[in-house]
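Open the model in your viewer and keep the selection tool ready. We will go from the whole chain down to single residues.

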Amino acid sequence: LTTPSFPADGAGLERGLSAWRRLAEARSSVHCGRTNRYSILHHHAPAALEAAWSRMRSVYFQICIECGQSPSRVSARLERWEDAHRPFTCRLSDRWQKSASTPTPAEVKAFVSMCAIEKRSFAMSRAACRDAAVCTPE
């Protein structure tokens with residue numbers, strides 16, 4: 001998407017800065033550090049990304065309309081962009097669903113550690129019971 005351009009003097013400069021601020025604010029709810037198309041899921045669920053896109057879309061639409069662009073043409077441009085990105089959005093959502101049901105390596109490690117501790121504890125208590133049975137006169 002390309003935002004409208006603004007003259008770099010007087011009122012045009014102020015309108016351009018205002019548009020930049022509004023877009024930056026709309027964009028701010030999404031992690032802006034290093035990510036790729038899949039690692040963004042480490043920071044946001046698909047529903048949060050969809051809500052962020054909705055805010056961004058609304059602000060972009062308003063800015064274009066304020067600059068005199070046709071609402072129907074701006075809507076059509078946004079819909080074409082969304083249609084082009086829909087396959088990726090679906091893959092991203094599928095990946096999220098799979099990762100939500102698959103434990104992370106850290107979760108697996110914690111589970112294995114917990115099982116090992118329980119196994120040692122069970123072995124120690126079993127040995128203690130056996131020792132108690134041997135040491136207890138009948």
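Contact means heavy atoms within 4.5 Å. This is a predicted model; local features need pLDDT of at least 70, side-chain atom pairs count only at pLDDT 80 or more, and totals for chains, interfaces and linings use all residues. Residues are numbered from 1 along each chain as its sequence is written, and side-chain values use heavy atoms, with hydrogens and water left out.

Switch to cartoon. The protein has four helices and zero strands. Helices (H or I, at least four residues) and strands (E, at least two) are DSSP runs, numbered from the N terminus.

Next, select α1 (10–27) and α2 (46–66). Their axes come within 8 Å and cross at roughly 165°. Axes are lines fitted to C-alpha atoms, for helices over the stretch in contact, with angles from 0 to 180 degrees between N-to-C directions. The pair is therefore roughly antiparallel (over 145 degrees).

Show side chains between them. On α1, pick R15, A19, R22, L23, A26 and R27; on α2, they meet residues including R55, M56, V59 and Y60.

Now select A19, L23, A26, W53, M56, V59, Y60, I63, C64, V74 and L78, the largest nonpolar core. Such a core is a set of buried Ala, Val, Leu, Ile, Met, Phe, Trp, Tyr and Cys residues joined through side-chain atoms within 4.5 Å; buried means under 20% relative accessible area (1.4 Å probe, protein chains only). α2 gives the largest share, six residues.

Finish on C64. Among its contacts are P4 and R77.

Terms used. Buried < 20%, exposed > 50% of the residue type's maximum accessible area, 1.4 Å probe, protein only. Parallel < 35°, antiparallel > 145°, perpendicular 65-115°, else oblique. Lists of a residue's contacts leave out its neighbours within four places in sequence.
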